[in-house]
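Me: I am new to this structure and would like a friendly walk through it. Could we take it step by step?

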Amino acid sequence: MALFTTRKPRGFQHNYIYYDPRKEKLAQIEEKAKRDLGLLPPKEFTPEDIRGKFVGATKHLKRRKESKRKRLSNGAIILIIIGLLLLAKYLYTGSLF
């Protein structure tokens with residue numbers, strides 16, 4: 001029930017046919033090892049090097065990003081609390097209002 005939120009359209013997801021992320025990751029690992037051994041000159045700084053490092057370093061943010069489950073919205077939580085209060089009042093007094 002979307003009481004306080006507006007629905008957003010589903011995002012576009014394009015899966016590449018001729019792209020292997022495992023192969024690219026392996027090439028990055030090999031390049032880093034060669035730089036550590038001194039076979040290649042040091043790499044220049046790029047902002048892409050630090051992108052996503054904070055999320056990957058913390059357990060709770062990494063779990064939240066990997067989990068595709070939606071969290072309860074504030075509106076849903078408020079409705080649940082109001083419902084529980086009305087239930088408690090009904091059980092205590094015998095009338096709803």
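Reply: Gladly! The largest pocket has a volume of about 500 Å³. A pocket is an open set of points on a 1 Å grid where a 1.4 Å probe fits, with protein on both sides within 12 Å along at least five of seven lines. This is a predicted model, where local features need pLDDT of at least 70 and side-chain atom pairs 80 or more, while totals for linings use all residues. Residues are numbered from 1 along each chain, and side-chain values use heavy atoms, without hydrogens and water.

Me: Which helix gives the most to the lining of the largest pocket?

Reply: Lining residues have an atom within 4 Å of a point, and they include Lys25, Lys43 and Asp49 here. Helices are DSSP runs of H or I with at least four residues, numbered from the N terminus. With six residues, the top contributor is helix α1 (residues 21–37).

Me: How many residues of that lining are charged?

Reply: Asp, Glu, Lys and Arg count as charged. The lining also has one nonpolar and two polar residues, and its charged residues number nine.

Me: Is Tyr16 buried or exposed?

Reply: Buried means under 20% relative accessible area, exposed over 50%, and partly exposed in between, with a 1.4 Å probe and protein chains only. Tyr19, at 40%, is therefore partly exposed. Tyr16 has 59% relative accessibility, so Tyr16 is exposed.

Me: Which residue follows α4?

Reply: Helix α4 covers residues 74–93. The residue after α4 has a positive phi, near 95°, and is Gly94.

Terms used
Helices (H or I, at least four residues) and strands (E, at least two) are DSSP runs, numbered from the N terminus. The expected span of a helix is 1.5 Å times one less than its number of residues. Grid points are joined across faces, edges and corners, and a volume is the space filled by probe spheres set on the points.
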